[in-house]
Amino acid sequence: NYHLCFVNDGSKDNTLDVLNKMQRETPNRVSIVDVKKNAGKAAAVRSGARYLFNREDIDYIGFIDADLSTDFKDFKKLVDTLHNNDELTMVYGSRGKGEGQIERNVLRKLFSQIVKLFIFMILGLPIEDTQCGAKVFKRDIIPLAYDKQFLTRWLFDVEIFLRMKKHFG
């Protein structure tokens, strides 16, 4: 029930061939944005969101990480939540709240906690997992979230939340 947009971020292997094959098999359900030079996840997500925004047949635009760390069933729950609540313009996932737990060494866990605290101080919002690679937006909010280039390649999610906070308060 989804239209999938894959962004090839300057890969040098056969990724584009694989994506083209998928698109040939389901041309009405798969789009490919081919970015010739690697620009990072932030630019790839932005490219895909802007491409999908230009399609008038799509009401919700979201992304999940390519490693599928967010299950499609969970992604469906995000879409359903957004669809069923007119007051929301965006929903996002949060890792580590379900049955599975993320295993990390002590230093990585400490570093992660410091980053979370820093992000909380910047945002001033009680968001536990800004970096979770699962977010869905109503189409009309895409220009606000994605028109401007991101300043960072890795913390673009925080920039999205900052843009939303600036706009909505």
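This dialogue discusses how to read several features of a predicted model.

User: How is the packing of two helices described?

Analyst: Two packed helices are described by the angle between their axes and by the distance between those axes. In this model, helix α4 covers residues 106–123 and helix α6 covers residues 156–168. Their axes come within 10 Å and cross at roughly 20 degrees. Angles under 35 degrees count as roughly parallel, and α4 and α6 are therefore roughly parallel to each other.

User: What is the handedness of the crossing of α4 and α6, and which residues make the contact?

Analyst: The crossing of α4 and α6 is right-handed. From α4, the contact is made by I119, I122 and L123; from α6, V158, F161, L162 and K165 take part. By type, the residues of this contact divide into six nonpolar, no polar and one charged.

User: Which residues is F137 in contact with, leaving aside its neighbours within four places in sequence?

Analyst: With those neighbours left aside, F137 is in contact with D59, Y60, I61, F63, L82, T89, M90, I142, A145, Y146, I160 and M164.

User: Where is T70 placed, and is T70 buried or exposed?

Analyst: T70 is in the loop between β3 and α3 (72–83). Residues under 20% relative accessible area count as buried. T70 has a relative accessible area of 10%, so T70 is buried. Not counting residues up to four places away in sequence, T70 touches I64, F75, C132, G133 and A134.

User: Where do D67 and L68 lie, and how accessible are D67 and L68?

Analyst: D67 lies in the loop between β3 and α3, and the place of L68 is in the loop between β3 and α3. With a relative accessible area of 59%, D67 is exposed, whereas L68, at 49%, is partly exposed. The C-alpha atoms of D67 and G133 are separated by 9.7 Å, although these residues are 66 apart along the chain. L68 has a positive phi of about 55 degrees although it is not a glycine.

User: Where is I127 found, and which residues does I127 touch, not counting those up to four places away in sequence?

Analyst: I127 is in the loop between α4 and β5 (134–138). Its relative accessible area is 16%, so I127 is buried. Under that sequence limit, I127 touches Y92 and F161. I127 and F161 are 34 residues apart in sequence and 9.3 Å apart in space, C-alpha to C-alpha.

User: Is K148 buried or exposed, and which residues does K148 touch, not counting those up to four places away in sequence?

Analyst: K148, found in the loop between α5 and α6, counts as exposed at 60% relative accessibility. With the stated sequence neighbours not counted, K148 touches R46 and R163. The C-alpha atoms of K148 and V18, 130 residues apart along the chain, are separated by 30 Å.

Conventions: Residues are numbered from 1 along each chain as its sequence is written. This is a predicted model: local features need pLDDT of at least 70, side-chain atom pairs count only at pLDDT 80 or more; totals for chains, interfaces and linings use all residues. Side-chain values use heavy atoms; hydrogens and water are left out. Axes are lines fitted to C-alpha atoms, for helices over the stretch in contact, and angles run from 0 to 180 degrees between N-to-C directions. Helices (H or I, at least four residues) and strands (E, at least two) are DSSP runs, numbered from the N terminus. Angles under 35 degrees count as roughly parallel, over 145 as roughly antiparallel, 65 to 115 as roughly perpendicular and the rest as oblique. A crossing is left-handed if the near helix is turned anticlockwise from the far one by less than a right angle, and right-handed if clockwise. Contact means heavy atoms within 4.5 Å. Ala, Val, Leu, Ile, Met, Phe, Trp, Tyr, Cys and Pro count as nonpolar, Asp, Glu, Lys and Arg as charged, and the others, Gly among them, as polar. Buried means under 20% relative accessible area, exposed over 50%, partly exposed in between (1.4 Å probe, protein chains only).
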